[in-house]
Amino acid sequence: MFEQIADKLKNAKKIVFVTGAGISQESGIPTFRGKDGLWRKYDPMKLATIDSFYEDPKLVWEWYEDRRKNILSAQPNPGHKAIADLEKYKEVVVLTQNIDGLHQRAGSTNVLELHGSIIRIKCTVCDFHDETTTIFENLPPLCKCGNILRPDVVWFGEALPQDIWNNAIIHANSCDIMIIAGTSLAVSPANTLPIYAKQNNAILLEINPDETIMSGDMELSIKTTSAKALPELVSILES
Ligand code: OAD
């Protein structure tokens with residue numbers, strides 16, 4: 001599968017992953033686009049924007065609580081675990097659009113969450129923020145200050161956390177290999193990260209059963225699932 005770039009993989013010092021919903025698909029977490037994607041069933045403009053949240057916070061919270069239940073009962077799959085195992089051999093950084101925390105639960109130690117985390121909550125008004133795995137009984141949950149709490153995720157139209165984004169660019173600019181796994185690269189600015197890497201002569205490798213808008217720019221595009229491909233990549237470095 002990876003034969004044609006095996007030497008480059010072995011020689012690489014730093015590998016940066018850009019991951020998306022597809023990498024957690026084999027953990028039972030649905031993707032957004034594609035046949036069974038969430039955005040086929042739900043309107044993102046009603047569930048994933050700050051305006052929709054203020055219009056109907058209960059509805060948005062109900063949707064996030066359903067997703068949180070699913071995510072909290074899900075387990076990291078062999079794709080997540082392979083990325084964590086790679087740390088034995090290489091400097092590895094994971095730039096993820098996922099909010100599910102599965103990379104960290106698989107053991108990855110250097111994960112930048114570009115779109116926040118469904119495990120974290122924050123107040124819409126004061127500085128309060130926290131991590132919680134409890135499911136709220138009354139929605140929307142309220143902060144001690146009396147205002148509404150929200151999931152600490154990035155919604156459409158919101159900026160990415162500035163420090164995380166700046167660091168993501170630094171890592172994209174300084175990697176030898178960028179592996180883009182399980183993302184349609186449909187959402188900006190995360191989808192510009194491969195461009196930074198390419199401009200700095202990194203090798204681009206994609207793992208996705210489907211074609212993406214950047215498949216043609218890849219040194220190698222592996223058309224299979226991440227849980228199948230990534231353990232093979234680790235076995236190359238073990239050999
Ligand atoms: P998408 O749903 O847009 O894309 C998922 C990608 O994963 C598709 O290209 C699939 O072909 C691929 N895929 C599916 N199963 C896979 C598997 N088992 N192994 C590998 N690849 C697989 O999800 P994202 O690219 O993550 O943002 O979407 C980016 C952002 O759009 C999300 O973070 C979210 C969404 O709207 C916000 O909510 C702000």
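How many bridges join β2 to strand β3 (residues 111-113)? Three bridges join them, and the two strands run parallel. Keep in mind that this is a predicted model.

β2 covers residues 91-96. Look at L95 for an example: it stands opposite L112 in β3.

β2 also pairs with strand β1, which spans residues 14-19. Six bridges join β1 to β2, and these strands run parallel. Start at K14, and its bridge partner in β2 is E91.

How enclosed is β2? Five of its six residues are buried, so the strand is largely enclosed by the rest of the structure. In a regular strand, side chains alternate between the two faces of the sheet.

Follow the chain out of β2. Q97 lies in the loop that leads from β2 to α7 (102-106). Is Q97 buried or exposed? Its relative accessibility is 13%. Buried means under 20%, so Q97 counts as buried.

Which residues does Q97 touch, leaving aside neighbours within four places in sequence? The contacts are V18, T19, G20, L114, H115, T183, V187 and A190. The side chain of Q97 makes a polar contact with the side chain of T183, at 3.0 Å.

## Two cis peptide bonds

Two prolines follow cis peptide bonds. The bond from L139 to P140 is cis, with omega near -5°. P140 is found in the loop between β5 (129-131) and β6 (149-153).

The bond from S188 to P189 is also cis, with omega near 5°. P189 sits in another stretch, the loop between β7 (177-181) and α9 (193-199).

## Two residues with positive phi

L185 is not a glycine, yet it has a positive phi of about 55°. This residue is found in the loop between β7 and α9. P189 is in that loop too. L185 counts as buried because its relative accessibility is 1%.

N201 is not a glycine either, and its phi is positive at about 65°. Its place is in the loop between α9 and β8 (203-207). Is N201 buried or exposed? N201 is exposed, with a relative accessible area of 69%. The cut-off for exposed is over 50%. So L185 is buried, whereas N201 is exposed.

Methods:
Residues numbered from 1 in each chain as written. Predicted model: local features only at pLDDT ≥ 70, side-chain atom pairs only at ≥ 80, totals over all residues. Heavy atoms only, no water. Helix = DSSP H or I, 4+ residues; strand = E, 2+ residues; numbered from the N terminus. Buried < 20%, exposed > 50% of the residue type's maximum accessible area, 1.4 Å probe, protein only. Polar contact = N/O pair within 3.5 Å; in protein donor to acceptor, adjacent residues only side chain to side chain. Contact = heavy atoms within 4.5 Å. Pairing = 2+ DSSP bridges.
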